[in-house]
Amino acid sequence: MQTKINKPGLGALSFGHLAIDMQTTSLAVMTPLLLTNFKLDYATVALVITVNNLTSYALQPFFGLASDRRSLPWLLPLGCLLSAGGMVTVLFMPSYWLVLLAVIVSGLGAAAYHPEGSRNANWVSGSQKATGMSFFFFSGNLGQAFGPITLTLLLALFGTGGAVFMLLPGLLAATLLWRLMPLYTRQASQRKAAPRLETAPSSRSSKVRLLAILLSIISLRSMIQVGLITFIPLYFISQSAANRDYAAFLLSVFVFAAAIGTLIGGPLADRLGHKTVMVCSLSLVMPLLLIFLNSTGPLQVATLALAGTSLVSASSLTVVMAQEILPNNIGLATGLTLGLGFGAGGIGAAGLGRYADAFGLSQTMFVLTLLPIPVVLLSFFISYKPRPVQANPTPTEAEVKTKLPEGVTNRL
């Protein structure tokens, strides 16, 4: 039975994702100020970002397990408040150790939100799960892109005190999610009572193998994405200091193209199949990156944009596939794919930094163009085809609309 996306439910969850990820990436803008204010060295400043990433990524599987055992929709507004509140206080802390405490609080908010938010986004997407999840992840990518830009503008206009305005997205998201709490609570109750969706393969060993492949794909894909974001500016500036503005422009093109790729991948997967879209999109990345590195002007910009779109279009699909492989443990599946997968990708990107120190930026960029090869090869080993035993009833848009809190309409 085809069921439509519940737009208010998905819209609020997506806006919460945007608000959370705005806070996470805005931390990079704060590090130069922390360096000056506390007279830190580079390693100590880097530890601030490392602590935030470890908290927000490594704890996600644990929050996912907890939400599988008992529905915890209150984590949605709480996560938004903790993430925004913790990050905003970073610039006002009187000591370095309190700064670390603030980023831990913010990371806890992000870790709490992502599994519960992704699980509820899966539920309110009805039978269009890839489309719904792509919109959810697109919003997070937009937040990552706009976070540093927004904080930089606020600091330029109002000084350090301008950081307080970063609370507003978190407060608004928390309010929307709190008002829609009856929807998410009712959705969880209906899912608990409803028959589950079984997927092929059904054996435990086959599911473990599939999850291992998916986590490997996510880790390598994330490693490429973080690596390109890290090394594109360094590579072009190393060639000429005059390339600084051009390098920043290329980075913006890549980030926004990646966000668009997230939005495109889901609807295509609902029409053509998850594995088909994954294999085809990832197969385009290596030739596009090779052209990017060996061209100039508009062609260079266009191929980088297409590479970003192709690389990230499969990101939401891997999460949906993991959720359908573990239909009774959607929170755990989300925590593993988002937490361990993306976290491992970040650690791999740090390894690329060591490689760059040893062999140079040109060799590192070339390695990044080759990394899509194992990703594509791994994707061929995914024997994935959902096999519904009994349809899982999801409230239609019309049914849910009549039960929404007073004043909430079924429009984004």
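Author: Helices (H or I, at least four residues) and strands (E, at least two) are DSSP runs, numbered from the N terminus. This is a predicted model, in which local features need pLDDT of at least 70, side-chain atom pairs count only at pLDDT 80 or more, and totals for chains, interfaces and linings use all residues. Residues are numbered from 1 along each chain as its sequence is written, and side-chain values use heavy atoms, with hydrogens and water left out.

Reader: How many helices and strands does the protein chain have?

Author: Under the DSSP rule for runs, the secondary structure of the protein chain comes to 18 helices and 2 strands.

Reader: What percentage of the 412 residues in the protein chain is buried?

Author: Buried means under 20% relative accessible area, exposed over 50%, and partly exposed in between (1.4 Å probe, protein chains only). By that criterion, the buried share of the 412 residues in the protein chain is 54%.

Reader: Is F231 buried or exposed?

Author: F231 is located in helix α9. Contact means heavy atoms within 4.5 Å; leaving aside residues up to four places away in sequence, F231 touches A349, L352, G353, A356, L361, T364, M365 and L368. Because its relative accessibility is 4%, F231 counts as buried.

Reader: Within what arc do the buried residues of α16 fall?

Author: In helix α16 (residues 361–370), the buried residues are T364, M365, L368 and T369. An α-helix has 3.6 residues a turn, so residues three or four places apart point the same way. The arc is that of the directions from the helix axis to the C-beta atoms. Seen down the axis of α16, the buried residues line one face of the helix, because they fall within an arc of 145°.

Reader: What is the relative accessible area of L157?

Author: L157 is found in helix α6. Together with L81, L153, F158, F165, L168 and L171, L157 makes a nonpolar surface patch. L157 is exposed, because its relative accessible area is 57%.

Note on methods: Patches are made of residues with over 30% relative accessible area and no salt bridge: like charges are joined within 9 Å, nonpolar side chains (Val, Leu, Ile, Met, Phe, Trp, Tyr) within 5 Å. Accessible areas come from the Shrake-Rupley method with a 1.4 Å probe; for residues, only the protein chains shown count as cover. A salt bridge is a side-chain nitrogen of Lys or Arg within 4 Å of a carboxyl oxygen of Asp or Glu.
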